[in-house]
Amino acid sequence: MQVENYMKDAKGRLIPIDSIKEIDIERDKLVKEIAEKAKRQSAELGKFKIDIMGDIQAFADLSFERYDAPIGGEKGNISLVSFDGQFKVQRAMSDVLAFDEGLQAAKALIDECVHDWTDGVNSNVRVLINDAFQVDKEGKISTGRILGLRRYQMNDPSGKWEQAMLALGESLRVQGSVPYIRVYERDGKTGKYQP
């Protein structure tokens, strides 16, 4: 932001323009120009996605009506291919998964199992299990790594591992769905579809 002979810095302070290096002023201009272009492009892409989603849903509705089948809503993947097979459009719906408070109970049970199993063993083994519960830069836990633990059938006489895996499964919730549009063109030489 610029206020007559001043520029606002990242902390909100007004800094006199004549005390700011020319390279910093030019960088500011460039970044703001790029950001404005990106915002316009993002808005265009957003409108494009909404339009395309509507077109695909309208076509799906038409197809359902043709066979007098009940329409089940907008959930579900759809692939449309041009008559000549040159182009393919896919609408893919991906569920957004999250864990509720049951994840903490599962983690506590898993910790007990790991403690019992590794008593007197190198502590590096504990790192492997704890890694599954690490959060990423945004503070989100990896659903895939957590659910990957369910693939293991552990011999645990105490039953805590099974209890933990049950808690993991029951703590998983679908928070919503995210639609994706993918458009492909078939490569004339290989016959494979390329994005």
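A residue is called buried when its relative accessible area is under 20%, exposed when the value is over 50%, and partly exposed in between. The model shown is predicted.

**Exercise 1.** Determine whether K107 is buried or exposed, and describe its salt bridge.

*Solution.* Step 1: the relative accessible area of K107 is 19%. Step 2: the limit for a buried residue is under 20%, and K107 is therefore buried. Step 3: K107 forms a salt bridge with D111, and the closest N and O atoms of this pair lie 2.8 Å apart. Step 4: D111 has a relative accessibility of 32%, so this residue is partly exposed. Step 5: both residues belong to helix α2, where a spacing of 4 residues separates them by about one helical turn.

**Exercise 2.** State where D24 and R27 lie in the chain, and classify the accessibility of each.

*Solution.* Step 1: D24 and R27 are found in helix α1 (residues 22–66), 3 residues apart, which means a separation of about one helical turn. Step 2: a salt bridge joins D24 to R27, with 2.7 Å between the closest N and O atoms. Step 3: D24, at 30% relative accessibility, is partly exposed. Step 4: R27, at 45%, is also partly exposed.

**Exercise 3.** Identify which parts of the chain the salt bridge between D100 and R173 links.

*Solution.* Step 1: in this salt bridge the closest N and O atoms of D100 and R173 are 3.0 Å apart. Step 2: D100 is located in the loop between β5 (87–99) and α2 (102–117), whereas R173 is located in strand β6 (residues 172–186). Step 3: the two residues are 73 residues apart, and the pair links distant parts of the chain. Step 4: R173 has a relative accessible area of 41% and is partly exposed.

**Exercise 4.** Find which residues are linked with K160 in a network, and give the count of salt bridges.

*Solution.* Step 1: the network of salt bridges that contains K160 also includes E112 and D116. Step 2: the count of salt bridges is 10.

**Exercise 5.** Describe the surface patch that contains V3, and consider the confidence of its strand.

*Solution.* Step 1: V3, Y6 and L14 form a nonpolar surface patch with about 240 Å² of accessible area together. Step 2: V3 is partly exposed, at 34% relative accessible area, and is found in strand β1. Step 3: among the elements of the protein, strand β1 (residues 2–3) has the lowest mean pLDDT, 64.

How values were computed: Residues are numbered from 1 along each chain as its sequence is written. This is a predicted model: local features need pLDDT of at least 70, side-chain atom pairs count only at pLDDT 80 or more; totals for chains, interfaces and linings use all residues. Side-chain values use heavy atoms; hydrogens and water are left out. pLDDT is the predictor's confidence in each residue, from 0 to 100. Patches are made of residues with over 30% relative accessible area and no salt bridge: like charges are joined within 9 Å, nonpolar side chains (Val, Leu, Ile, Met, Phe, Trp, Tyr) within 5 Å. Accessible areas come from the Shrake-Rupley method with a 1.4 Å probe; for residues, only the protein chains shown count as cover. A salt bridge is a side-chain nitrogen of Lys or Arg within 4 Å of a carboxyl oxygen of Asp or Glu. Buried means under 20% relative accessible area, exposed over 50%, partly exposed in between (1.4 Å probe, protein chains only).
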